Amino acid sequence: MIKQLAEHRVAANLLMIMMILAGLWAVRTMPSMLDPPAQFPVVVVEVVWVGAAAEDIESLVTTPIEQQLRTLVDLKELNSKTANGFTSIEAVFNYNADMVQALDQAKQRVTNIRNLPAAIEPPMVRRLLDTEPVSVLQISSEGDISELVPLVRTFEQSLLRRGIEGIVFDGLPEEEIAVLVGNRQLQGLGMTLEDIAREIARVSQNVPAGAVGQGQGSRQLRSLDQRRDIAGFEQLHIESNGQLIRLKDFARVERRPKRGQARLTSRGQPVIEMKLWRSTSADAALADQIVQNWLAQTRPTLPPGVEIREIANIWHMLDSQLGMILQNGLSGMLLVVTVLFLFLNGRVGLWVTVGIPVSFLLGLAFLYVVFGYGISIIALIGFIMALGIVVDDAIVVGEDIVTQFENGASPGQAAVQGARRMWVPVATSSLTTMAAFIPLLIIGDIMGDMILVLPTVLLCVIVASLVECFWVLPGHLRTSLARANYCTKPSWRVNFETAFNRFRDKKFMPVVAYALDHPGTTLTVTAAGMLVAMSLVFSQHVGFNLITGFDFEGIEADIEFSSTATRREKEDFIQHLEDTLTHTRGIAGGNNVLGVTAKYNRANLDNEWQEGDQFAALAVQYAYEEDRSMSPAGFVRLWRQKIVQPPYVERLTVKVTGGSNNGNPDVTLILRGNNSTELKAGAEALSTLLASYPGVANVTDNLPYGREQI
């Protein structure tokens, strides 16, 4: 095969063109993403019980569900998190488990529980999906928040139809239908509010109503009596002292926003945020294009006073990261090409240089067609690592072909003999390189699934490099050697080769000879170098940080007010935070802050979302690493110094959110025990101890039923 392709006039060129076209097709088709897609073998059960204490939910909801899930097939572990009004149970399965069957079994087990409290919301059972954010849109209005509700619902439907896979709202007001009854009416009816509520629940519901027909024509009937609007409740009849009374005759029915729910403002205007996301297997560039096209078409049609701002864009960050890696790769390739033309013949260096992008393009085609991967940060790092492999293979084959030619062989004979002689050494070195990455294949689990793309990229590039070195390069060098003139060399090359040969013979070779003659010294120096490298890692002079995933980076100030704080005092303190933020922004310089959103009646304290009139938060959208002049942690320290905390603010935490690892902590410590009070005391003591260690930037906890996170 080598001989036929090397001696054919156009075969090498045709093969190279096909490799280029395959790679260009793959580049246009394969998706781009932050991380390779991963499958999480986790089933999540979530239950809401409004108004219930965490202890009650733990004993009456969490424990019965855990007991039902413990015997699931392929179950690895159970983790639960219980808070006031909510519980979440995670069932983690073995990585190779059938998750479709596991989800069905979990739903069946939860459905079979008959002794759950009647006041809970229906349990929601779902799989944990690997998703990545796309964008965050902030819709504001000069008027009331109610004007935005129908708009954002229309926006939601439009974006979902275009291909956005999921949308989560923040600040969307929830409404309720309230039945208001005065004391005089209650006394006249001889009923309490609980009696009226129980009677309304009895008559306002959908119930089975028998069947009609026989045999195959039989159909089940259902009475649809559940009311869903004001008019329906007003016409509802309840029973009082043996009489039916219409609700409208003694009560007032109104639709109103739920009290104490979170509301968002920005620049003094009410806002609703839409957080768009996609699965990790989808194309980030395509999702961003969908959003940008939708924004361009929607903004001109907005009503007066309504504005849409994009306060976060994941593609901008991903594009910056990919661009940085590509820039580093091109810089390395430029150095490689410079060295090639210094030490190799010009024509040989040219074809070796051409072989680098050709091999990479074919490797991209293999990566996408054979293995189904897209372009991610880890994949690009793999291609940069493979740059030296491609160059080494081409140099070895090209140099041996030139040596055969200089020893008297014809161009055709030199191309065939050189390629055949180097086949075994080059193939052996390629297998040796792949053997170094075999341990990555046995990592397994979710991390192994994500890291698997690295050896896969190397395998694809090595195969593409072998194709280029032995099927394409010999044919090109045969033509080049036939046209080359080796009798005359430029004066600069003669001088360079003379100086290099002098260095090789006088300086380098004596060192090599000494190393060979004194193996003990060579081994000792090698061991000493390894010890020095290991000491740099163990002493943390050289850090280790494996980043998987990324989330929008920001800053958040969470506040808990005292019960005596007035509405005006709360608003004044939020304004104080915004003023000090603006002052800090001016001192730091640059465009660090992209946007600010005030959130009333909600705060993230102890790593748990708290809702109520005494809570508030200020969310700051921070610039990406390539665009900012100060790190978020440095900005927080500077901002915290300027904040004056008044007496009516009981708790104030200012922290960095998001970033690498999707905002998750670097280390998670789980404290187990039967006494929540002792667990809380132990976690607080551990938090204080760990916070005193150098290098620990932040310690947050989730107590008493959560995890102590660092």
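This is a predicted model: local features need pLDDT of at least 70, side-chain atom pairs count only at pLDDT 80 or more; totals for chains, interfaces and linings use all residues.
Colleague: Good to know! How many helices and strands are there in the protein chain?

Modeller: The protein chain has 23 helices and 22 strands.

Colleague: And what does the C-alpha trace span along its principal axes?

Modeller: About 120 × 75 × 60 Å. The radius of gyration of the protein chain is 34 Å, whereas a compact globule of 710 residues would have one near 27 Å.

Colleague: Let's talk about the sheet with β1 in it. In what order do the strands come?

Modeller: The order is β2-β3-β1-β4, four strands in an open sheet with antiparallel pairing. At the edges are β2 (75–83) and β4 (124–127), each of which pairs on one side only. From one strand to the next, the twist averages 15 degrees.

Colleague: How many bridges join β1 and β3?

Modeller: Seven bridges, in the antiparallel sense, between β1 (residues 42–48) and β3 (residues 86–93). In that pairing, Val 48 stands opposite Phe 86 of β3.

Colleague: Which strands does helix α3 touch?

Modeller: Helix α3 (residues 54–69) packs on the sheet and touches β1, β2 and β3. The direction of α3 makes about 165 degrees with that of β2.

Colleague: What about α4, which strands does that one lie across?

Modeller: Helix α4 (residues 99–111) lies across β1, β3 and β4, and runs at about 170 degrees to β4.

Colleague: Back to the convention you opened with. At what angle do α3 and α4 cross?

Modeller: Roughly 130 degrees, and their axes come within 9 Å.

Colleague: Which residues make the contact?

Modeller: From α3 there are Ile 65, Gln 68 and Leu 69, and from α4 there are Ala 106, Arg 109 and Val 110. By type, this contact has four nonpolar residues, one polar and one charged.

Colleague: Changing topic: how far apart are the axes of α2 and α18?

Modeller: They are 8 Å apart, and α2 (residues 11–29) packs with α18 (residues 453–483) at about 145 degrees.

Colleague: Is that crossing left-handed or right-handed?

Modeller: The crossing of α2 and α18 is left-handed. Residues of α2 including Leu 15 and Met 19 meet residues of α18, among them Val 467 and Trp 471. Overall, the contact of α2 with α18 divides into eight nonpolar residues, three polar and one charged.

Technical notes
Residues are numbered from 1 along each chain as its sequence is written. Side-chain values use heavy atoms; hydrogens and water are left out. Two strands pair if DSSP finds at least two bridges between them. Helices (H or I, at least four residues) and strands (E, at least two) are DSSP runs, numbered from the N terminus. Axes are lines fitted to C-alpha atoms, for helices over the stretch in contact, and angles run from 0 to 180 degrees between N-to-C directions. Contact means heavy atoms within 4.5 Å. Ala, Val, Leu, Ile, Met, Phe, Trp, Tyr, Cys and Pro count as nonpolar, Asp, Glu, Lys and Arg as charged, and the others, Gly among them, as polar. The radius of gyration is taken over C-alpha atoms; the globule rule is 2.2 Å times the number of residues to the power 0.38. A crossing is left-handed if the near helix is turned anticlockwise from the far one by less than a right angle, and right-handed if clockwise.
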